[in-house]
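Reader: I have a model open and want to learn how to read its features. Where do we start?

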Amino acid sequence: MQRARNDTAAGGEQRTFIISRTDAIGDVVLTLPVAGVLRSLYPSSRIFFLGRAYTRDIIKACDHIDEFLSWDELRQLPARAAVRQLAATGADTIIHVFPDAKIARLARDAGIRRRIGTSHRLFHYLYCNVLVPLSRKHSPYHESQLNLQLLAPLGAKELYSPGEIANCYGLTRLPELPPSIAGLLAPDRFNLILHPKSRGNGREWGLDNFRELIGILPQERFKLFLTGTAAEGQLLEPLVDEFPFLTDLTGRMTLDHFLSFIAAADGLLASGTGPLHMAAALGIHALGLFPPIRPIHPGRWAPVGPRARVFVYKTECDACRKTADCVCMREIQPRQIRDYLLTLPAPVRAHAGQK
């Protein structure tokens with residue numbers, strides 16, 4: 001078994017990498033800097049990303065990644081066929097950012113020469129041959145920093161700063177917005193996306209707080225958009241009914257168009273969800289609402305971007321650990337969010353949709 005060992009990066013060396021991260025959209029966004037750092041270390045390399053099918057549009061938008069591999073399709077194949085498909089990539093290295101025993105076994109059976117994983121998964125001792133001493137549970141580092149620690153055996157630094165990570169997303173392959181969506185953006189106001197729900201992936205602020213915020217934001221300065229899935233849109237109907245000036249876009253955009261819409265907007269407010277990390281990666285004002293509870297606190301999951309900002313109630317709230325109805329989230333005051341938004345400069349555009 002090979003422990004983590006630095007291999008000197010050679011800029012002209014031909015390498016083929018697979019980055020494996022088969023969980024949610026936010027996790028995938030925070031893994032894109034792995035591809036960015038790999039690209040900087042090995043400019044002529046070929047980089048595959050193995051992920052869930054519903055994250056495909058995020059991965060395809062990343063300029064650092066050459067090809068997407070669907071885990072949903074791969075895992076439906078007989079084992080031998082899946083092994084052949086992995087081997088056909090010609091990958092010499094796979095980085096198991098999200099540990100998965102089945103993927104680790106397939107990678108070994110496919111003959112991928114270097115298989116990197118954390119030492120804190122027992123099955124990695126069977127299927128990986130480069131182990132990085134990495135434990136996420138009690139680490140003081142951010143998720144994106146922990147992801148990048150898996151690249152230490154490939155010549156990367158052991159620790160990257162949030163500022164360095166913010167420059168490594170590579171989300172530049174964005175499709176053009178349909179005119180019906182692009183035309184909704186106000187050229188003379190701050191276009192703010194409100195994303196109240198989290199699909200169970202984050203502690204929510206609550207509709208009452210969003211209702212209060214919407215009511216105290218000056219309409220002459222802000223144009224407000226409501227986003228989420230179609231199912232979430234049904235839960236958000238009371239807000240739409242109460243505030244006719246609120247533009248309801250729930251269930252109206254594909255993920256790739258949602259990316260482009262976020263990039264064209266000025267800010268997004270949400271709890272620790274995928275859209276919040278998308279907004280940070282795209283460089284707009286990403287305003288995150290977080291509880292102080294480990295391991296879902298902002299120290300681990302804050303948005304990382306040039307205009308990211310976190311709001312968190314300072315008092316510990318251990319009583320909230322066993323319920324999604326989080327007191328410390330509700331205690332973040334709408335007026336605090338309003339006051340911060342009013343400090344942001346008004347956008348300057350030639351026309352709607354132009355940053």
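**Reading the sheet, the core and the rings**

Author: Start with a strand pair: S11 (residues 267-271) and S12 run parallel and are joined by five bridges. Keep in mind that this is a predicted model.

Reader: Which residue stands opposite Ala286 of S12?

Author: Leu268 does.

Reader: What kind of unit do S11, helix H15 and S12 make?

Author: A right-handed β-α-β unit, with H15 covering residues 274-281.

Reader: Which strand pairs with S12 over five bridges in the parallel sense, besides what we have seen?

Author: Strand S13, residues 308-312. Phe290 has Val312 of S13 as its bridge partner. Gly288 stands opposite Val310, also in S13.

Reader: Now the whole sheet. In what order do the six strands come?

Author: Read it as S10-S9-S8-S11-S12-S13. The sheet is open, and the pairing is parallel. Its edge strands are S10 (247-248) and S13, since each pairs on one side only.

Reader: Which strands does helix H11 touch?

Author: H11 (residues 207-216) packs on the sheet and touches S8 (190-195), S9 (222-226), S11 and S12. The direction of H11 makes about 165° with that of S8. Helix H15 packs on the sheet too, touching S8, S11, S12 and S13. For H15 the angle is about 145°, taken against the direction of S12.

Reader: Back to S12. Why is it described as largely enclosed by the rest of the structure?

Author: Count its buried residues. Strand S12 spans residues 285-290, and six of the six are buried, so the rest of the structure largely encloses it.

Reader: Which way do the residues of S12 point?

Author: His285, Leu287 and Leu289 point one way. Ala286, Gly288 and Phe290 point the other way. All of them are buried.

Reader: What does His285 touch, not counting residues up to four places away in sequence?

Author: Phe190, Asp266, Gly267, Leu268, Arg307 and Leu344.

Reader: Can we try a residue in a loop? Where does Val304 lie?

Author: In the loop between helix H16 (298-301) and S13. Val304 counts as buried because its relative accessibility is 6%. Leave aside its neighbours within four places in sequence, and its contacts are His142, Ser144, Pro162, Ile165, Ala166, Tyr169, Ala280 and Ala281. Two of these, Ala280 and Ala281, are contacts of Val304 that fall within the residue range of H15.

Reader: How far is the C-alpha atom of Val304 from that of Leu342?

Author: They are separated by 22 Å. Along the chain, the two residues are 38 apart.

Reader: Next, the cysteines. What is a disulfide?

Author: A covalent bond between the sulfur atoms of two cysteines.

Reader: Last feature: aromatic rings. What describes a pair?

Author: The distance of the centres and the angle of the planes.

Reader: How many aromatic pairs does the structure hold?

Author: Six. One of them is Phe190 with Phe222. The ring centres are 5.6 Å apart and the planes are at 65°, so this pair is edge-to-face. Phe190 lies in S8 and Phe222 in S9, so the pair ties together parts 32 residues apart in sequence. Phe190 is buried at 4% relative accessibility. Phe222 is buried as well, with a relative accessible area of 4%.

Reader: How do the rings of Trp205 and Phe210 pair?

Author: Their centres are 5.0 Å apart and their planes are at 80°, so that pair is edge-to-face. Trp205 is buried, with a relative accessible area of 2%. For Phe210 the value is 1%, so it is buried too.

How values were computed: Residues are numbered from 1 along each chain as its sequence is written. This is a predicted model: local features need pLDDT of at least 70, side-chain atom pairs count only at pLDDT 80 or more; totals for chains, interfaces and linings use all residues. Side-chain values use heavy atoms; hydrogens and water are left out. Buried means under 20% relative accessible area, exposed over 50%, partly exposed in between (1.4 Å probe, protein chains only). Helices (H or I, at least four residues) and strands (E, at least two) are DSSP runs, numbered from the N terminus. Two strands pair if DSSP finds at least two bridges between them. A crossover is right-handed if, with the strands pointing away from the viewer, the path from the first strand over the helix to the second runs clockwise. Contact means heavy atoms within 4.5 Å. Axes are lines fitted to C-alpha atoms, for helices over the stretch in contact, and angles run from 0 to 180 degrees between N-to-C directions. Rings of Phe, Tyr and Trp (its six-membered ring) pair if their centres lie within 6.5 Å; planes under 30 degrees apart count as stacked, over 60 as edge-to-face and the rest as tilted.
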